[in-house]
Amino acid sequence: MQSPRERSEVRPRAGWMVMGKRGRPSALDVCRVLALFLSLFPSVSLQCKILKCNSEFWASTSSSGPEEEFCTALRAYNGCVRRTARTCRGDLAYHSAQHGIEDLMSQHNCSKEGPTSQPRARTPLPPPPPALLPDSQERSDGPEVCHYERSLLRNTAPPNYTHCGFFGDPHLRTFSDDFQTCKVEGAWPLIHNKYLSVQVTNTPVVPGSLATATTKLTIIFKNFQECVDQKMYHAETDELPAAFADGSKNGGDRHGANTLRVVEKVPGQHVEIQARYIGTTIVVRQVGRYLTFAVRMPEEVVNSVEEGDNQDLYLCLHGCPANQRIDFRNFKARAAEAQSAGRTRGGPAVAAAATHGFTYQSAKAKCKERLPVEDLYFQSCVFDLLSSGDINFTMAAYYAFEDVKMLHSNSKRYHIFEKDAFTSNSGQRGKDLLSLLFLNVLAVLLWVECCTVHL
């Protein structure tokens, strides 16, 4: 049995598989290349739809057939990639697909000119008869290394589980329980370590407002020993799949594959991904037009940093960059002032609130229906109603708090209040000021000592 330290040093295996000239690469090989680039470079934009081309090619080559059929599908894939050139030109995944297509065409002697096929929908194979199924206990359990807590050394302290949540306009609760409201428009990485990567794409909620919300989410689970193959989960607005991008619902063909599972709780609204081999649970929801994300993860997995990766940009670990944060208290004060003055002031967000019929008091009353405690989840609900007028954000804040109660390991930390967030954010500033004061005092003392000696 491996120790947690040994376990955390396992390097993921992903990439283009080496094959002979006669061997047929499956579309999974292309998926692996694209997923590798996305995991190494999480800032790659998902808006260029390169993953759609990849999944269509996979679907059209999921079953073996004559060589000419493979070349036909490859030409269709090439055409799809070319059509994304204008929006994908700066993406590494796009350039990777281009080179991959050239290699496959060369290996299979495919001509660039010829017929192209429309991708065929992948028909799932019927399940085998019960008598042919492997022993369910053996299949579900897998090797001990594929169960996080079982793989830990005996007599060691139980793992410390941490939580990160991302929801609403958007609001971020980091692994260290900092609570922030952010702008972060476009593609941003939430998590990136040796085992998985998570990236979100946020778009403006109301024209002219700083507030954004999540419309796309991609999660990449990397290869891990005999437990799981590399898997990718991708969700967009109105498309919350009950399976990974390749159509499977578990970790692949390895012995511990069932320690990674996609479980659909409410079709099109609520999916849970269980990754028991790393002790991790992920909850993805669609509330209204936007997605929410919540995760429970052991601290050891959170800190399993890739060599040479300082993780400065990963939101769940370090929070939003200072220039991407929205001053929650200032916004609230301006909204209250605008209402008391009987006119709309305080910027576009407050103007949008008035346009959609929410005042500061009516937003508070609506949020109180679902969130009776006036913590930062309640305050985020008020912010979202004022900045967007979208009543669905009430439920987004509500479900984010419900996920905290399910995933957070410390019941005393479910609620976070404004004073806690202010103390957390100002703590480092206080330390910096004390250090500066100490240096100034030291400089004065040295100056006085120097003057005394010269006199």
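Author: **A lysine in a loop, and the sheet**

In this predicted model, Lys222 has its place in the loop between β6 (212-221) and β7 (231-236). Lys222 has a relative accessible area of 4%, and because this is under 20% it counts as buried. From there its side chain reaches the backbone oxygen of Asn193, at 2.6 Å.

Turning to the sheet, seven strands form an open arrangement in the order β3-β2-β1-β11-β10-β9-β8, with antiparallel pairing. The edges are β3 (179-181) and β8 (260-266), each of which pairs on one side only, and neighbouring strands of this sheet are turned by 10° against each other on average, direction ignored. Within the sheet, strand β1 (residues 161-167) and strand β2 (residues 171-173) run antiparallel and are joined by three bridges, and Gly165 stands opposite Arg173 in β2. Helix α15 (residues 392-407) packs on this sheet, where it touches β1, β2, β9 (270-275), β10 (280-287) and β11 (290-298), and the direction of the helix makes about 165° with that of β10.

A word on confidence belongs here. The protein chain averages a pLDDT of 76, and 66% of the residues score at least 70. Over residues 348-355 the pLDDT stays under 50, although the model has 19 contacts for them beyond four places in sequence, while residues 422-444, also with pLDDT below 50, have four contacts beyond near neighbours in sequence. Where pLDDT is low, the predicted coordinates should not be read in detail.

Technical notes. Residues numbered from 1 in each chain as written. Predicted model: local features only at pLDDT ≥ 70, side-chain atom pairs only at ≥ 80, totals over all residues. Heavy atoms only, no water. Pairing = 2+ DSSP bridges. Helix = DSSP H or I, 4+ residues; strand = E, 2+ residues; numbered from the N terminus. Axes fitted to C-alpha atoms, helices over the stretch in contact; angles between N-to-C directions. Contact = heavy atoms within 4.5 Å. Buried < 20%, exposed > 50% of the residue type's maximum accessible area, 1.4 Å probe, protein only. Polar contact = N/O pair within 3.5 Å; in protein donor to acceptor, adjacent residues only side chain to side chain. pLDDT = per-residue confidence, 0-100.
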